[in-house]
Amino acid sequence: MELDYEKIRKERNEKNEFAKNNGISITRVSKGHAIAEMDVDSKKKNPIGTVHGGCLFTMADTCAGAAASSHGKWVTTVNAEINYLRAAVNSKHLIAESSEIKAGKSLIIEDINIHDETGTLLVHATFTFYVLDKKYE
């Protein structure tokens, strides 16, 4: 049976109140891959005026979780490693892209990069997800 990636994308957006509250939207899901986007405003900045690291982490986790879910089952984060490469000083729009490293029966590992609207790489992360026994309907 062919998975409905658009349905997975919509459900991930609708059921993730935390991501919605942070202005993060999944814009694409395909097998082992996802893209998330976020506009930057003052609510996403820390006291020094750059995008808060917690916001970048949330964006990476949200995007990677959508990619890991592309196999048709719900997942939960079990591990994450994140590297903040550059500060998002004057960024207006952020794009996260997640690509699968490995998909097993119980664990899925995703590689994530976050760029700003100029293409500048800001974040590189690796997330590991546990595959739950709950399928997308």
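Analyst: Ser99 has Asp111, in β5, as its bridge partner. Strands β4 (residues 93-103) and β5 (residues 107-116) run antiparallel and are joined by 9 bridges; two strands count as paired if DSSP finds at least two bridges between them. Strands are DSSP runs (E, at least two residues) and helices are runs of H or I with at least four, numbered from the N terminus.

This is a predicted model, in which local features need pLDDT of at least 70, side-chain atom pairs count only at pLDDT 80 or more, and totals for chains, interfaces and linings use all residues. Residues are numbered from 1 along each chain as its sequence is written, and side-chain values use heavy atoms, with hydrogens and water left out.

The open sheet has 6 strands in the order β1-β2-β4-β5-β6-β3, with antiparallel pairing. β1 (24-30) and β3 (73-84) each have a single partner strand, so one side of each lacks a neighbour in the sheet. From one strand to the next, the twist averages 25 degrees.

Helix α1 (residues 5-15) packs on the sheet and touches β1 and β3, contact meaning heavy atoms within 4.5 Å. The direction of α1 makes about 160 degrees with that of β1; axes are lines fitted to C-alpha atoms, for helices over the stretch in contact, and angles run from 0 to 180 degrees between N-to-C directions.

Within α1, Glu6 and Arg9 lie 3 residues apart, about one turn of the helix. Glu6 forms a salt bridge with Arg9, with the closest N and O atoms 2.6 Å apart; the term requires a side-chain nitrogen of Lys or Arg within 4 Å of a carboxyl oxygen of Asp or Glu.
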